[in-house]
There are 2 protein chains.
Amino acid sequence: MLRAMSPDQPPDLPAELLLLRTRSLTSVAAQEIERLIVSGAIPAGSRLNEQALAARLGISRGPVREAVRGLERQGLVVTVVNQGSYVRSISAEEALELYDLRALLTGQACERLAAAPPPATVPRLSGLVTRMERAAEADDAPGYYALNLDFHAALLELGAGPRAQRIYDDLGKELNLFRRRALVQPEKMRESNAEHAAILAAIHAGDPVAARAAAEAHVQGGKRRFAASHTPL
Amino acid sequence: MLRAMSPDQPPDLPAELLLLRTRSLTSVAAQEIERLIVSGAIPAGSRLNEQALAARLGISRGPVREAVRGLERQGLVVTVVNQGSYVRSISAEEALELYDLRALLTGQACERLAAAPPPATVPRLSGLVTRMERAAEADDAPGYYALNLDFHAALLELGAGPRAQRIYDDLGKELNLFRRRALVQPEKMRESNAEHAAILAAIHAGDPVAARAAAEAHVQGGKRRFAASHTPL
DNA sequence: GCAGTGCAAACTGTTGACGATCGACAATCC
DNA sequence: GGATTGTCGATCGTCAACAGTTTGCACTGC
């Protein structure tokens with residue numbers, strides 16, 4: 001049972017070591033910091049202390065700085081020289097523009113889906129709509145929220161290219177800088193899912209114009225619900 | 001003439017010092033490396049040698065690494081662990097998607113411009129079209145190219161929000177990874193500018209649908225010209 | 001002649017340290 | 001009493017050095 005012939009064998013970190021062969025510390029730091037930001041663990045507007053983050057992740061400041069620099073390009077943080085990096089806080093106007101852009105991308109994706117749907121498009125979307133319906137009836141807001149994300153991700157995955165998907169995802173992360181987990185109300189869930197069904201119906205009917213219109217209307221509806229709940233003016 | 005009372009006054013670097021007060025070495029490195037990439041000085045697919053870049057810029061490897069991380073998030077470079085960063089080379093399919101996204105954004109901007117044009121929209125665009133017409137008649141391809149960029153930038157500046165402009169710019173930089181300065185032919189210039197005029201006419205007429213259609217057709221025309229010249233299949 | 005092996009150089013990934021700058025607080029002067 | 005200035009602590013920006021890995025090349029053996 002004793003292992004001979006390898007006296008100075010490094011301690012076996014099977015998973016971690018294999019992980020570090022593929023991903024650098026910078027990438028895991030970026031992923032973790034991004035998670036902390038979009039999840040709201042680090043609130044918008046707050047400062048990013050480099051050595052605190054480094055200590056938290058058990059690494060040096062170098063990779064942390066590189067990770068933060070990447071997030072800066074992505075638009076999640078802003079940096080002031082000799083002062084530090086802050087989690088970006090976006091204004092209501094900027095949030096509205098993000099909704100517009102998401103509506104644009106979603107509309108385009110749905111238009112293409114209606115014109116030339118890939119195999120298994122309708123069953124997949126239909127299944128998600130059904131599950132959302134069940135979640136709405138059960139007043140399962142978190143479940144509905146997750147399924148909603150899946151539905152929109154599926155729309156772009158099926159109807160748009162990889163670059164458009166990346167932009168859409170980035171916009172979503174940016175949007176999280178404003179709204180801390182949109183509170184979903186029961187009637188809003190049903191309203192929202194009815195729009196989902198409309199999108200699906202247009203796609204199923206092969207009507208690109210209607211699909212685009214339904215998708216844009218749905219995202220704009222989300223924008224309206226967002227505006228009504230967050231900016232009472 | 002002798003300067004008293006300030007024996008250890010630092011050497012006067014009026015511009016550079018003021019510059020470094022505002023911009024860190026990382027930012028200037030990022031700007032310079034990005035310039036080298038989009039200008040084609042560093043061809044797509046080639047490796048980015050960190051210490052060579054650092055030596056070229058007269059700085060250390062730290063800021064260079066941070067700058068490269070930013071460009072990685074932006075999509076201009078890809079990094080392989082323990083191997084280095086490479087200037088991203090995009091496929092023809094990816095380039096086509098970039099054209100589609102630019103068409104989408106430009107169409108949206110023009111639709112809004114036609115619906116609610118900001119002050120001085122038509123004169124500004126009209127002036128650019130006129131100058132492009134002169135450049136086309138003079139067979140001034142570089143001049144036309146620059147004016148064309150100005151025209152499209154003006155469309156987005158006037159008709160879209162700041163986030164959309166940023167996305168559009170990023171897509172343009174990414175597109176430069178494929179085509180090395182699209183060679184503009186005389187007849188293509190006139191064809192292109194006729195489409196510019198059509199966009200302007202639709203905006204002037206206040207017809208959002210026509211404006212969007214004209215803009216999308218124009219960018220898609222550029223995509224078609226690009227596809228015809230680059231992928232002879 | 002060719003495949004395989006071992007070594008060496010180059011480069012990347014990470015760390016620690018140093019200098020510089022900013023904000024806050026206290027002491028001083030008007 | 002208020003404003004200004006000086007000092008201190010904290011933190012950022014940058015650099016140089018170390019460790020690990022990859023790559024290329026020469027050498028050996030078949």
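Where is the place of A:C110? A:C110 sits in helix 5 of chain A; helices here are DSSP runs (H or I, at least four residues), strands are E runs of at least two, and both are numbered from the N terminus. A:C110 is buried, with a relative accessible area of 0% (buried means under 20%, exposed over 50%, partly exposed in between, using a 1.4 Å probe and protein chains only). Not counting residues up to four places away in sequence, A:C110 touches A:L155, A:I199, A:I203, A:A211 and A:A215, where contact means heavy atoms within 4.5 Å. A:C110 and A:P208 are 98 residues apart in sequence, but their C-alpha atoms are 7.2 Å apart in space.

A quick word on the ground rules. This is a predicted model, where local features need pLDDT of at least 70 and side-chain atom pairs count only at pLDDT 80 or more, while totals for chains, interfaces and linings use all residues. Residues are numbered from 1 along each chain as its sequence is written, chains are lettered from A and ligands numbered from 1 in the order in which they are written, and side-chain values use heavy atoms, with hydrogens and water left out.

Now for the helix packing. Two packed helices are described by the angle between their axes and the distance between the axes. Axes are lines fitted to C-alpha atoms, for helices over the stretch in contact, and angles run from 0 to 180 degrees between N-to-C directions.

| Helix pair | Angle | Axis distance |
|---|---|---|
| Helix 2 (25–38) of chain B and helix 4 (61–74) of chain B | about 55° | 8 Å |
| Helix 5 (92–115) of chain A and helix 8 (162–175) of chain B | roughly 50° | within 8 Å |

Helix 5 of chain A and helix 8 of chain B are therefore oblique to each other (under 35 degrees counts as roughly parallel, over 145 as roughly antiparallel, 65 to 115 as roughly perpendicular, and the rest as oblique). On the chain A side, A:E97, A:L98 and A:L101 make the contact, and they meet B:P162, B:R163, B:A164 and B:I167.

Within chain B, helix 2 is oblique to helix 4, given an angle of about 55°. Residues making this contact include B:T26, B:A29 and B:I33 from helix 2, and B:P63, B:E66 and B:A67 from helix 4. The contact divides into 10 nonpolar, 2 polar and 2 charged residues. B:T26 itself is buried, at 6% relative accessible area. Setting aside neighbours within four places in sequence, B:T26 is in contact with A:R69 as well as B:P63, B:E66 and B:A67.

What about the loops? A:D139 has a positive phi, near 55°, without being a glycine. Its place is the loop between helix 6 (121–137) and helix 7 (141–159) of chain A, and at 46% relative accessibility A:D139 counts as partly exposed. B:N82, also not a glycine, has a positive phi of about 55°. That residue is in the loop between strand 2 (77–80) and strand 3 (84–87) of chain B, and with 83% relative accessibility B:N82 counts as exposed.

Terms used. Ala, Val, Leu, Ile, Met, Phe, Trp, Tyr, Cys and Pro count as nonpolar, Asp, Glu, Lys and Arg as charged, and the others, Gly among them, as polar.
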